[in-house]
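The points below may be read alongside the sequence and the coordinates.

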Amino acid sequence: CDFYVNRHLADTMIEIARLAGGIADSGVTEVFWDKEAVGRCHDIFDETSSSLKQHEKRFFIGINPGGDRTNRRWAPERYAKVGDRITAVLPTRLFIFGGPGEEEIAHRIQGQMKSEVVNLAGKLSISDLAYVISRLDLLITNDSGPMHMAAAAHTPVVAIFGPEDPLLMGPYTSPDLYRVIHKPLPCRPCQKDHCARPLCLEAITPDEVFTAALELIKERGA
């Protein structure tokens, strides 16, 4: 049986369920949050004290530099460069995310940036994170759980892929809502938990990520 070859893992799971007698739904993923999350996190999007010009839009952009394996994590200093470049050309409120144990990564990015950021690493529940991601104009992220949250919330996402195959594990959403950046090196895809030198990530430049981010924002009507 070859129904699992060269197709997204979500499609494979749907096909397995269908073969077992299940009925496929709309073929999209969904993410939910409790109503308390809205109350807890609403203020971080408050623009009442903003210095924006009249009718000027501020873009809410998130950076998610973590991941369950070190060889899935793009370098913090590169995230910092992208963040500064974006805030230099767009009125932006920039957020840094991170789960428990990823606070240091977020602090490194914040410490290397010239522009102001809102560091939320280690401060949000899963429900809070889902809500905040749903409010973003863009998420820039490693191959990770928050990437899939963004896809499910229909939030535009720039996904940075190292060892995994984005054909199988990429954002499961409309193609116009994401850009996947990866390098077709002979050593990837791979299933290593650690890599002494993850060339697949080193080969991805801040210029590429910045360009993809601006493309997505402009295509969404910026």
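1. The sheet. Six strands form an open sheet in the order β3-β2-β1-β4-β5-β6, and their pairing is parallel. Its edges are β3 (117-119) and β6 (178-181), each of which pairs on one side only. On average, and with direction ignored, neighbouring strands of this sheet are turned by 15° against each other. Strands are DSSP runs of E with at least two residues, helices are runs of H or I with at least four, and both are numbered from the N terminus. Two strands are taken to pair if DSSP finds at least two bridges between them.

2. Basis of the model. This is a predicted model, in which local features need pLDDT of at least 70 and side-chain atom pairs count only at pLDDT 80 or more, while totals for chains, interfaces and linings use all residues. Residues are numbered from 1 along each chain as its sequence is written, and side-chain values use heavy atoms, with hydrogens and water left out.

3. Strand β4 and its partners. β1 and β4 are joined in the parallel sense by four bridges, with Ile61 opposite Leu138 in β4. β4 is likewise parallel to β5, again over four bridges, and here Ile140 stands opposite Val158 in β5. Four bridges also link β5 (residues 157-160) to β6 in a parallel arrangement; the bridge partner of Ala159 in β6 is Val180.

4. Burial of β4. Five of the five residues of β4 are buried, so this strand is largely enclosed by the rest of the structure. Buried means under 20% relative accessible area, exposed means over 50%, and partly exposed lies in between (1.4 Å probe, protein chains only). In a regular strand the side chains alternate between the two faces of the sheet. In β4 both faces are covered: Leu138, Ile140 and Asn142 are buried on one side, and Leu139 and Thr141 on the other.

5. Helices across the sheet. Helix α4 (residues 103-112) lies across β1 (59-64), β2 (92-96) and β3, and runs at about 165° to β3. Helix α6 (residues 145-152) lies across β1, β4 (138-142) and β5, at about 150° to β4. Axes are lines fitted to C-alpha atoms, for helices over the stretch in contact, and angles between N-to-C directions run from 0 to 180 degrees.

6. The α5 and α6 pair. Helix α5 (residues 126-135) packs with α6 at an angle of about 50°, and their axes are 9 Å apart. The two helices are therefore oblique to each other; angles under 35 degrees count as roughly parallel, over 145 as roughly antiparallel, 65 to 115 as roughly perpendicular, and the rest as oblique. In α5, Ile126, Leu129, Ala130 and Ile133 meet Pro146, Met149 and Ala150 in α6, where contact means heavy atoms within 4.5 Å. By class, this contact has seven nonpolar, no polar and no charged residues. Ala, Val, Leu, Ile, Met, Phe, Trp, Tyr, Cys and Pro count as nonpolar, Asp, Glu, Lys and Arg as charged, and the others, Gly among them, as polar.

7. The α3 and α9 pair. The axes of α3 (residues 76-89) and α9 (residues 206-219) come within 9 Å and cross at roughly 40°, so these helices too are oblique to each other. Arg78, Lys81, Val82, Arg85, Ile86 and Val89 in α3 meet Pro206, Asp207, Val209, Phe210, Ala213 and Leu214 in α9. The residues of this contact divide into eight nonpolar, no polar and four charged. Lys81 counts as exposed, at 51% relative accessibility. From Lys81 to Thr205 the separation is 124 residues in sequence and 10.0 Å in space, C-alpha to C-alpha.

8. A buried aspartate. Asp143 is found in the loop between β4 and α6 and is buried, with a relative accessible area of 3%. Leaving aside its neighbours within four places in sequence, Asp143 is in contact with Arg72, Ile160, Phe161, Glu164 and Met169.

9. Backbone points to inspect. Most residues other than glycine have a negative phi, and most peptide bonds are trans. The bond from Arg188 to Pro189 is cis, with omega near 5°, and Pro189 has its place in the loop between β6 and α8 (199-202). His154, in the loop between α6 and β5, has a positive phi near 60°. His154 is partly exposed, with a relative accessible area of 48%.
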